[in-house]
Amino acid sequence: METSRSNEPCTSSQAACDLVTVPTRQGLEAVDILRRGAGDSVGPVLHDDGGGTLGFLVPPGTAAAWDVPGSTCTETNGRGLSLNPEPPVEGSDWLVPPGEADPATDPTVLRRALGEAARLIKAADSCR
């Protein structure tokens, strides 16, 4: 299923982006997959040090159709989300800072990367 989303990237200092949150292990695998992909790129990614999650900034409107198991997508409407070098949420840090990334991760590409990451984790865990 394709994800319905706006074509507007997250470019303002107060971004109206949505945020896809996943468990850290799956998120780190997905970041690696996105960085290795031919032409696939990753937007800013937040790491929640205490909660064990990663948050991928995606274009506004993504939350309306997001249905990937094990993840959530939240509309931020720019509330408290700034694309400055400082992380927008206390207790978090940028894994992929805004200045070193695309404006947002394409949700269709992220969906594929998260699926591949889940399969890799399942395969690795079954080898133990």
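Q: Against which elements do the buried residues of α1 pack?
A: In this predicted model, α1 has Thr-24, Gln-26, Gly-27, Ala-30, Val-31, Ile-33 and Leu-34 among its buried residues. The helix lies across β1, β2, β3 and β5, and runs at about 45° to β3. The buried residues of α1 pack against β1, β2, β3, β5 and α2.

Q: What pattern does the chain follow when it is read along the sequence?
A: The secondary structure of the chain comes to two helices and five strands. Read along the sequence, these elements follow the pattern β-α-β-β-β-β-α.

Q: In what order do the five strands stand in the open sheet?
A: The edge strands, each of which pairs on one side only, are β4 (72-75) and β5 (92-96). Between β1 and β3, which run antiparallel, there are six bridges, while β2 and β3 pair in the antiparallel sense over four bridges. Four bridges also join β2, residues 45-48, to β5, again with the strands running antiparallel. The five strands of the open sheet therefore stand, with antiparallel pairing, in the order β4-β1-β3-β2-β5.

Q: By what angle are neighbouring strands of this sheet turned against each other on average?
A: The sheet is an open one of five strands, and its pairing is antiparallel. With direction ignored, neighbouring strands of this sheet are turned against each other, on average, by 30°.

Q: Which residue of β3 stands opposite Pro-23, and which stands opposite Asp-48?
A: The strand β3 is joined to β1 by six bridges, and with β2 it pairs over four bridges. Opposite Asp-48 stands Thr-53 of β3, and the residue of β3 opposite Pro-23 is Thr-53.

Q: Which residue in the hairpin of β2 and β3 takes a positive phi?
A: The two strands of this hairpin pair in the antiparallel sense, and four residues lie between them. The positive phi, near 70°, is taken by Gly-52.

Q: Which residue of β5 is the bridge partner of Val-45?
A: The strand β2 comprises residues 45-48 and runs antiparallel to β5, to which four bridges join it. In β5, the bridge partner of Val-45 is Val-96.

Q: Which element gives the most to the largest nonpolar core?
A: The largest nonpolar core has 21 residues, and those with the most contacts inside it are Val-20, Leu-34, Val-45, Phe-56, Trp-66, Leu-110 and Leu-114. Apart from it lies another core, of five residues, which includes Cys-17, Leu-19, Leu-46 and Leu-57.

Q: How many of the six residues of β3 are buried?
A: A residue counts as buried when its relative accessible area is under 20%, and 42% of the 128 residues of the chain count as buried. The strand β3 is mostly covered, and of its six residues the number buried is five.

Q: How far apart in sequence are the parts that the pair of Arg-25 and Asp-125 ties together?
A: Arg-25 forms a salt bridge with Asp-125, with 2.8 Å between the closest N and O atoms. Arg-25 is partly exposed, at a relative accessible area of 39%, and Asp-125 also counts as partly exposed, at 33%. Because Arg-25 lies in helix α1 and Asp-125 in helix α2, the pair ties together parts whose separation in sequence is 100 residues.

Q: Is Arg-111 buried or exposed?
A: The structure holds two salt bridges, and in one of them the side chains of Asp-67 and Arg-111 meet at 2.7 Å, N to O. Asp-67 lies in the loop between β3 and β4 and Arg-111 in helix α2, so the pair ties together parts that are 44 residues apart in sequence. Asp-67 is partly exposed, with a relative accessible area of 43%, whereas Arg-111, with a relative accessible area of 17%, is buried.

Key: Residues are numbered from 1 along each chain as its sequence is written. This is a predicted model: local features need pLDDT of at least 70, side-chain atom pairs count only at pLDDT 80 or more; totals for chains, interfaces and linings use all residues. Side-chain values use heavy atoms; hydrogens and water are left out. A nonpolar core is a set of buried Ala, Val, Leu, Ile, Met, Phe, Trp, Tyr and Cys residues joined through side-chain atoms within 4.5 Å. Buried means under 20% relative accessible area, exposed over 50%, partly exposed in between (1.4 Å probe, protein chains only). Axes are lines fitted to C-alpha atoms, for helices over the stretch in contact, and angles run from 0 to 180 degrees between N-to-C directions. Contact means heavy atoms within 4.5 Å. A salt bridge is a side-chain nitrogen of Lys or Arg within 4 Å of a carboxyl oxygen of Asp or Glu.
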